[in-house]
Amino acid sequence: MKQKSLIPNIDFEPKTLPELGLEVINLENLYKTASEDKLLLLNTPHRIKFYGIIIFTGGEGNHFIDFRSFPVEKNTCVMINQNQVHAFDTENRPSAQFILFTENFLKLITKVIDNRIIAPTQFLSLYQPSFKLTVSQTHRLLILIDLIKAEYVSPDLNMPCLQLLFSALLTRICEERPDTYLTDLNTNQIACFERFIYCLETNIAFSHDANAYANRVGTSYKTLNKICKLATQQTAKQLIDAYIILNAKRALSIDKLQVQQVSDILGFDEVTNFVKFFKKHTLMTPKLFQSQHFK
């Protein structure tokens, strides 16, 4: 029997206008809620079913994403993809603006702007979810965030205006973000790559074979490989292996599952095969990795 993941899933559930697909939250309000024991998951690793952008405006601390802790301070931007696991630093409580938005809202925006802005960057070998902004860059982003907040709480909300403001915010962030995502893909290739990533996220326990994924996304192995190399400089098989390792590390360090359980969840026939696979890609056994990340 496969062990169910212990990582909680957090859906997009704003207090107002849930149909909008967008919300901006001051982290101070989240910290206050957590201190009153109303939001116990805040500093516990949880998987978000939406996208998030955090602009830090003061203080220092860390932000947990997957199994790694990233230092944050004033003028740091953190981008979290849908289905990633993260947690806030409720001990140091750095101040920030947290922008939440759904996939449907993003689709509306990417009809008019470059849809590579929010890319599945966690699949890049040099992935860094946080980056530093200059003082002036942060200032410009905060102005846009204030305008977005003012618009979506307005009694006569103008949806096209709100979408334009959010488009401007994403465009600014794209301009200011270090160049970690190659842009040599056309619209059809991007759509194919996104289908591949979705298949990885939903079928990893059933297949580790690149040809099987190519069939699922409706293309040939050769074409899928070409798209993956353009997008990430890695082959489809390398991305599949990387995703297996990512989920193995999540299960070992966050869910605290036994090696046998992780092997079963990820679709390995024998636990020995999983141990060999993990050691090949991390240069350590699952047990050693877990001992270093589970004190």
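**Close-up 1. Helix H5 and its length.** Helix H5, residues 187-203, contains 17 residues and spans 24 Å from its first C-alpha to its last, close to the 24 Å expected at 1.5 Å a residue. The expected span is 1.5 Å times one less than the number of residues. Helices (H or I, at least four residues) and strands (E, at least two) are DSSP runs numbered from the N terminus. The model is predicted: local features need pLDDT of at least 70 and side-chain atom pairs count only at pLDDT 80 or more, while totals for chains, interfaces and linings use all residues. Residues are numbered from 1 along each chain as its sequence is written, and side-chain values use heavy atoms, with hydrogens and water left out.

**Close-up 2. Packing of helices H7 and H8.** H7 and H8 pack at an angle of about 65°, and their axes lie 8 Å apart. H7 is therefore roughly perpendicular to H8, a term that covers angles of 65 to 115 degrees. Axes are lines fitted to C-alpha atoms, for helices over the stretch in contact, and angles run from 0 to 180 degrees between N-to-C directions. Leu224, Asn225, Cys228 and Thr232 of H7 meet Ala236, Lys237 and Leu239 of H8, where contact means heavy atoms within 4.5 Å.

**Close-up 3. The open sheet.** The 5 strands follow the order E1-E3-E8-E5-E6, with mixed pairing; two strands pair if DSSP finds at least two bridges between them. Strands E1 (9-10) and E6 (68-73) stand at the edges with a single partner strand each, so one side of each has no neighbour in the sheet. Antiparallel strands E5 (residues 60-65) and E8 (residues 85-87) are joined by 2 bridges.

Terms used. Angles under 35 degrees count as roughly parallel, over 145 as roughly antiparallel, 65 to 115 as roughly perpendicular and the rest as oblique.
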